[in-house]
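Please consult the sequence and structure shown here.

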Amino acid sequence: QVQLVESGGGLVQAGDSLRLSCAASGRPVNTYTMGWFRQTPGKSREFVAGITWNGGRTNYADAVKGRFTISRDNSKSMVYLQMDSLKPEDTAVYYCALRWRKDDTIPIMANEYEYWGQGTQVTVSS
């Protein structure tokens with residue numbers, strides 16, 4: 001089993017920055033794709049960003065491209081999401097996810113990821 005724990009969420013103003021962290025434990029995760037998703041009430045979970053096992057490739061949703069940066073530190077089993085120029089529409093619960101398959105892809109569908117954290121709330125006020 002893999003445990004994922006997110007941290008770093010909070011309440012900020014539009015234009016501010018936040019850095020989310022995801023700590024993985026339980027089994028080695030440094031050979032698997034990891035991603036960030038977000039969800040607002042009444043909506044399905046939405047892909048935000050993903051990164052391959054070695055950080056060689058990343059993928060971003062159009063809504064966050066140029067503002068968010070995903071990175072990972074496999075020596076610490078950590079994945080990060082640097083969020084800059086935040087907008088009120090970025091308000092959501094953000095989830096870290098791990099794809100437990102060694103195929104080096106970055107799927108954008110939530111059902112392609114097997115492990116999830118509990119989420120961290122990000123609220124951006126206007």
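Cys 96 is buried, at 0% relative accessibility, where buried means under 20% relative accessible area, exposed over 50%, and partly exposed in between (1.4 Å probe, protein chains only). Cys 22 is likewise buried, with a relative accessible area of 0%. The model is predicted, so local features need pLDDT of at least 70 and side-chain atom pairs pLDDT 80 or more, while totals for chains, interfaces and linings use all residues. Residues are numbered from 1 along each chain as its sequence is written, and side-chain values use heavy atoms, without hydrogens or water.

**Disulfide**
- The count is one disulfide, defined as a pair of cysteine sulfur atoms within 2.5 Å.
- The sulfur atoms of Cys 22 and Cys 96 lie 2.1 Å apart, and the link is left-handed, with -75° about the S-S bond.
- This pair joins distant parts of the chain, 74 residues apart: Cys 22 belongs to strand S3 (residues 18–25) and Cys 96 to strand S9 (residues 92–98).
- Strands (E, at least two residues) are DSSP runs numbered from the N terminus.

**Nonpolar core**
- The largest nonpolar core has 35 residues, of which Leu 4, Met 34, Trp 36, Leu 81, Met 83 and Tyr 94 touch the most other members.
- Such a core is a set of buried Ala, Val, Leu, Ile, Met, Phe, Trp, Tyr and Cys residues joined through side-chain atoms within 4.5 Å.
- S9 provides the largest share of this core, five residues.

**Ser 21**
- Ser 21 lies in strand S3 and is buried at 14% relative accessibility.
- Its contacts (heavy atoms within 4.5 Å) beyond four places in sequence include Trp 36 and Tyr 80.

Methods. Helices (H or I, at least four residues) and strands (E, at least two) are DSSP runs, numbered from the N terminus.
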